[in-house]
Amino acid sequence: MNDINRSFAVVLAGIFGLLAACTADSSTSAAPVAPPSVPAHSPVAPANTAESSLLVVHKSPSCGCCVAWIEHMRDAGFAVEVHDHDDMGPIKQRAGVPYAKGSCHTAEIDGYFVEGHVPADDVKRLLAERPDARGLTVPGMPAGSPGMELPDGTVHPYAVELVQHDGSTTEYARHGD
């Protein structure tokens, strides 16, 4: 097999792996969690960490890449509670995820949302810095991001964006450069 065919085969294997991961069945559910009474970015809110904060993840019941991201977060020390939903639209709208900045799952922690395949270290940084913002997003499903790993370990470049209260975004972190 020449180098071009070998590269093509690796890319195809990665794509099929990603598709299989996102359609694998997982079934966990729980009752909805009420939002905190004090916004986490409030000066009176406690300085929580991954070890002391509950990460509540909302996802489709059949999404395997969401399950892989959840395992990434648990491995990083987060306590995780999972809720399956057939319609993620209302969850994203309630959390304040801007249109076109969505991904396959929405998580909430200490008054922030975490949309998509955000690395655990970026969430830990968010909790440590406590910016006055809505949350973090990795729009889409970038290959090589946590939960979207490729068999050969390739990470395609992607940005983690900080979402402000007005819906605007700024780059918070960059991965895969």
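Okay, disulfides: a search of the whole structure turns up zero of them. And keep in mind as we go that this is a predicted model.

So where do the cysteines come in? Some sit in a nonpolar core, a second, separate one of five residues that includes Cys63, Cys65, Cys66 and Met148. Take cysteine 65: its relative accessibility is 0%, so it counts as buried, the cut-off being under 20%. Cysteine 66 is buried too, with a relative accessible area of 0%.

Now the main core. The largest nonpolar core has 26 residues, and the members that touch the most others are Leu55, Trp69, Met73, Phe78, Val80, Val123 and Val160. Which helix gives this core its largest share? That's H4, residues 120-129, with four residues. As background, nonpolar side chains in soluble globular proteins tend to be buried together.

Threonine 106 is in strand E3, which covers residues 106-109. Buried or exposed, then, for threonine 106? Buried, because its relative accessibility is 0%. What does its side chain pair up with? The side chain of glutamate 115, through a polar contact at 2.4 Å.

And if you look around threonine 106, leaving out anything up to four places away in sequence, you find it touching Val56, Val57 and His58, then Met88, Ile91, Lys92, Ala95 and Val97, and finally Val114 and Glu115.

Okay, that's my bit. Over to you.

How values were computed: Residues numbered from 1 in each chain as written. Predicted model: local features only at pLDDT ≥ 70, side-chain atom pairs only at ≥ 80, totals over all residues. Heavy atoms only, no water. Core = buried A, V, L, I, M, F, W, Y, C linked by side-chain atoms within 4.5 Å. Buried < 20%, exposed > 50% of the residue type's maximum accessible area, 1.4 Å probe, protein only. Helix = DSSP H or I, 4+ residues; strand = E, 2+ residues; numbered from the N terminus. Disulfide = S-S within 2.5 Å. Polar contact = N/O pair within 3.5 Å; in protein donor to acceptor, adjacent residues only side chain to side chain. Contact = heavy atoms within 4.5 Å.
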